[in-house]
Amino acid sequence: MSSELVLKDVDKIYGAGAIHAVKDLSFTVKPGEITALLGSSGCGKTSTLRMIAGFETLTNGSITLDGRPIHALPPAQRNVAMAFETYSLYPPLTIGENISFALKAQKLGQADVGKRVRDMAEMLEIGDVLHKYPSSVSGGQQQRASLGRALVRPAGLYLLDEPMGQLEPQLRAVLRGRIKHYLREHKCTTILVTHDQTEANALADRIAVMEGGVLQQYATPAELKARPANLFVGTFIGEPPMNVFPVEVRDDGKTVNFTITGSDGQSLAYAAADLPQAVRTRLQSETALMLGVRPHAVHIGRSGLKARVVTCQWLGDQTHIATEIAGRTVVSVSHEQITAKPGETIALGIAPHDLHVFAAGTGAAIAHGAELV
Ligand SMILES: Nc1ncnc2c1ncn2[C@@H]1O[C@H](COP(=O)(O)OP(=O)(O)OP(=O)(O)O)[C@@H](O)[C@H]1O
Ligand SMILES: [Mg+2]
């Protein structure tokens, strides 16, 4: 079943204004779309899901599912299925009964219910504990039972809060694939909460990055990486994180120089023709900038920024070199095997199309590669 979810100007303030957990949040999840809410601990992910599910009131704003305002309805009338961070299974029911309980309203035959519960349990690798009670299975098994209970029933919207947080990496990877296939096959409109960007990238069509209760950017995984809206997203998304330096720009008409602040004049110099006029014009009106470069775009070569090697590690398929320029760490990742000794000085080259430029004050993106934002 596919429904469209729209959040508009949603705020959540807990207590007497002490904690503003969600700030003016607006986004849409299209029918059948999988959206990940990604952000660090305390950024407001669970609060957002609980407001959508109806376990928390909105301080402001509206939530509609298929055009129907749901934010004032009791949870049971919202047509929303949710798997919680804390499993909240019914202790007196077995794992199997907990999952089948979700199908009660469906008026299905006993055999049909049994098959659906078994199929779900097999998909989640908990087929062997269906007869056990929640108190006698592991946290990871309880978590999967909670996920199964949410997924087994038809709903307009599925809300999954860290559904695999308790599982070891191998099982997580297997289940991730199966769950994505299941959500796609059943065209489930889904919001998945996670602080694991690998999980968000693997499962989601679009990722909503949150920080401090504020939506920073809502885009596809590829777009977040190529065109981060601000410095926060730029450094939050991607592994290892984006390198950033404070710079000043000087453009004499022939050469554009990005001089690293506090580095005794070290600069990246590009022929003016390598940067579009629109970008150059815009940069001239900015005084303090932050330059971002992804580790894969920092190339060891003959010319470029002079950097002191701190560590150099060959990881079997790539070399990670951490260097230092003006007290800042700059990481380079290469698929070749490179040897560099700590203390040695090397040159780091960066192509103009790999530059990300942000305003130093607001952190807002100005240009990505050779394109103005
Ligand atoms: N019931 C509550 N009463 C008061 N403050 C709360 C309540 N629930 C959450 N908060 C606060 O609201 C903010 C957002 O919390 P929330 O649980 O939504 O974060 P989260 O992104 O889900 O974090 P995590 O990744 O740790 O689960 C935090 O500062 C938290 O302490
Ligand atoms: Mg949470």
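A polar contact is a pair of N or O atoms within 3.5 Å; within protein, one must be able to donate a hydrogen and the other to accept it, and residues adjacent in sequence count only if both atoms are side-chain atoms. In this predicted model, local features need pLDDT of at least 70 and side-chain atom pairs count only at pLDDT 80 or more, whereas totals for chains, interfaces and linings use all residues. Residues are numbered from 1 along each chain as its sequence is written, chains are lettered from A and ligands numbered from 1 in the order in which they are written, and side-chain values use heavy atoms, with hydrogens and water left out.

An N or O atom in the side chain of T46 lies 2.7 Å from an oxygen atom of ligand 1. S41 places a polar side-chain atom 2.5 Å from an oxygen atom of ligand 1, and a polar backbone atom of G42 is 2.8 Å from an oxygen atom of the ligand. On its own, ligand 1 has 640 Å² of accessible area, of which the protein covers 62% (Shrake-Rupley method, 1.4 Å probe).

The shell around ligand 1 includes Y14, I19, A21, K45 and E85; a residue belongs here if one of its heavy atoms lies within 4 Å of the ligand. By class, the shell holds four nonpolar, six polar and two charged residues, where Ala, Val, Leu, Ile, Met, Phe, Trp, Tyr, Cys and Pro count as nonpolar, Asp, Glu, Lys and Arg as charged, and the others, Gly among them, as polar. Helix α1 gives the largest share of this shell, three residues. Helices (H or I, at least four residues) and strands (E, at least two) are DSSP runs, numbered from the N terminus.

Two backbone features remain. Most residues other than glycine have a negative phi, and most peptide bonds are trans. K107, in the loop between α2 (95-101) and α3 (110-123), has a positive phi of about 55° although it is not a glycine. The peptide bond from E239 to P240 is cis, with omega near -10°, and P240 lies in the loop between α8 (231-236) and β11 (243-251).
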